[in-house]
Every structure is written in C-alpha cells, then in structure tokens.
Amino acid sequence: MILAECEAGVVPIKIQGDVLSFASPPTIRSGTIEASELAEVLHILGVEQSQVLDSQWVDNGPGWMAILLDDHDLLLGLDPKIPTRPGRWKIGVIAPLAHAQGEEKFEVRALTIENGTLREDPVTGSLNGAAAQWLINTQKVHPPLINRQGSVIGYEGRVYLDASDEHLWVGGHTQVLIRGTIEL
C-alpha cells in the first residue's frame, strides 16, 4: 500500500493489477442543500424538482453538491446553463442506469462552472467517492458497484467502488504512461 499526502490528508492507495484505488476521504460537508441554492442548481441544469429523487452536499474537499435524478436519459440530455450569479459551482449529477447490469449502477456527470466557463470532467474520483458514501449511507445502493462517467463527452470511464478494510475504495483501470524513480 502507498500513502499519498494530499490536501485531504494522508490517503491510502492500493494497486491490484491494472486497477489503482484510493481510500475516499470522509466528507467535510454533508446534509441538505439550502432551498434557494438548490433552486439555482436545478435552473442551471434545466431540471424540475419533480425529476429529483434526492440531493445533498457530498463535499470531501472540492465542494460537490450532488443531485440524484430519476431518469438516466434526462441525465444524458442535460444542457447546463451558465448561472447569472458569479462564483464557483461544483455539481455532481447522478442517475440510475436505464438498464443496469451486474455491478454497474449509476451514470455520473461532474460539472464545474467558474468565471462563466463550464467544464465537464470525464472521470472524477472525489465526486464518485463522496456520492457513493452518501448513496451507501442512505441505503440506495450497496457495494461493490461501478459508476459510468464521461459518456456525454466521448469517454467510457468506469469507477469501481468497494468497501473493505474500513475504507470506501475508489478506483479504475490505469495505464502506465511514464515510468521513473525518485531518490529522497
């Protein structure tokens, strides 16, 4: 096992074959998203409250707000708008897969809006880890599970989530692009 010192503290990392996993840090903010802020997020997403199964802060450092939608096709068709209020928005949108097979359970979209620019991340370990903690704690899902991410922007990301050794492990298949050594 490797230990990485990050802004979230010391994070255990394990390698099993070509799957690299990290222990998801605990959330530093959870609970209800204030009604006015949730209304702004839903406006950004173009989603009605009736299409939302649940929402919560799932902040393990970056400041994620999670929105659990009732429809996979709705998630895939989202066309987010730039908000009128300036600031930084970190929105994780999640929906159950339309035809879930095996351990693949959810599709995830990670949206960051800052200074009038919208960016969608192809694979986001922090969001998947914090959202999985929320979904597991509220018994909406049980580990192990696999989330899909990046479909809308041309990626086929898969995030593997499993609980063991008192950690929620967040991982995925990796490819070595650079090898090297470091002397300390």
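What follows is a chat about a predicted model.

Visitor: Which residue does Arg85 meet in a salt bridge?
Guide: The partner of Arg85 is Glu40, with 3.0 Å from N to O. Arg85 lies in the loop between helix H2 (72-77) and strand S7 (88-96), while Glu40 is in helix H1 (residues 35-45), so the pair ties together parts that are 45 residues apart in sequence.

Visitor: And how do opposite charges get to pair at all?
Guide: Side chains of opposite charge can pair when their charged atoms come close.

Visitor: Back to that pair. What are the relative accessibilities of Arg85 and Glu40?
Guide: Arg85 has 36% and counts as partly exposed. Glu40 has a relative accessible area of 27%, so Glu40 is partly exposed too.

Visitor: Which residue does Arg88 meet in a salt bridge?
Guide: Arg88 meets Glu114, at 3.7 Å from N to O. This pair links distant parts of the chain, with Arg88 in strand S7 and Glu114 in strand S8 (residues 104-114), 26 residues apart.

Visitor: Are those two buried or exposed, or in between?
Guide: Arg88 is partly exposed at 49% relative accessibility. Glu114 is partly exposed at 36%.

Visitor: New topic: rings. How many aromatic pairs are there?
Guide: The count comes to 0 aromatic pairs.

Visitor: Which ring does the charged end of Arg29 sit over?
Guide: The ring of Trp57, with the charged end of Arg29 at 3.7 Å from its centre. Another case is Lys14, which lies over the face of Trp169 at 4.4 Å from the ring centre.

Visitor: Helices now. How many residues does H3 have?
Guide: Helix H3 covers residues 125-137 and has 13 residues. From its first C-alpha to its last, H3 reaches 18 Å, close to the 18 Å expected at 1.5 Å a residue.

Visitor: Which residues in H3 are buried?
Guide: Leu127, Asn128, Gly129, Ala130, Ala131, Ala132, Gln133, Trp134 and Leu135 are buried.

Visitor: What comes just after H3?
Guide: Gln139 does, and it takes a positive phi of about 60°. Further along there is a cis peptide bond from Pro143 to Pro144, with omega near 0°. Pro144 lies in the loop between H3 and strand S10 (145-149).

Visitor: What is the phi of Asn115?
Guide: The phi of Asn115 is near 50°, a positive value in a residue other than glycine. Asn115 is in the loop between S8 and strand S9 (117-121). With a relative accessible area of 73%, Asn115 is exposed.

Visitor: And where is Glu166 found?
Guide: Glu166 is in the loop between strand S11 (157-164) and strand S12 (167-173). Its phi is positive, about 65°, although Glu166 is not a glycine. At 85% relative accessibility, Glu166 counts as exposed.

Visitor: Now the surface. Which residues form a nonpolar patch?
Guide: Met1, Leu3 and Val10 form a nonpolar patch on the surface, with about 360 Å² of accessible area together.

Visitor: Is Val10 buried or exposed?
Guide: Val10 has a relative accessible area of 54%, so it is exposed, the cut-off for that being over 50%. Val10 belongs to strand S2 (residues 9-16).

Visitor: Last one. Where is Ala8?
Guide: Ala8 is in the loop between strand S1 (2-6) and S2. At 49% relative accessibility, Ala8 counts as partly exposed.

Visitor: How far apart are Ala8 and Ile44 in space?
Guide: They are 28 Å apart, C-alpha to C-alpha, and 36 residues apart in sequence.

Notes. Residues are numbered from 1 along each chain as its sequence is written. This is a predicted model: local features need pLDDT of at least 70, side-chain atom pairs count only at pLDDT 80 or more; totals for chains, interfaces and linings use all residues. Side-chain values use heavy atoms; hydrogens and water are left out. Patches are made of residues with over 30% relative accessible area and no salt bridge: like charges are joined within 9 Å, nonpolar side chains (Val, Leu, Ile, Met, Phe, Trp, Tyr) within 5 Å. Accessible areas come from the Shrake-Rupley method with a 1.4 Å probe; for residues, only the protein chains shown count as cover. A salt bridge is a side-chain nitrogen of Lys or Arg within 4 Å of a carboxyl oxygen of Asp or Glu. Helices (H or I, at least four residues) and strands (E, at least two) are DSSP runs, numbered from the N terminus. Buried means under 20% relative accessible area, exposed over 50%, partly exposed in between (1.4 Å probe, protein chains only). The expected span of a helix is 1.5 Å times one less than its number of residues. Rings of Phe, Tyr and Trp (its six-membered ring) pair if their centres lie within 6.5 Å; planes under 30 degrees apart count as stacked, over 60 as edge-to-face and the rest as tilted. A charge sits over a ring if NZ of Lys or CZ of Arg is within 6 Å of the ring centre and within 35 degrees of the ring normal.
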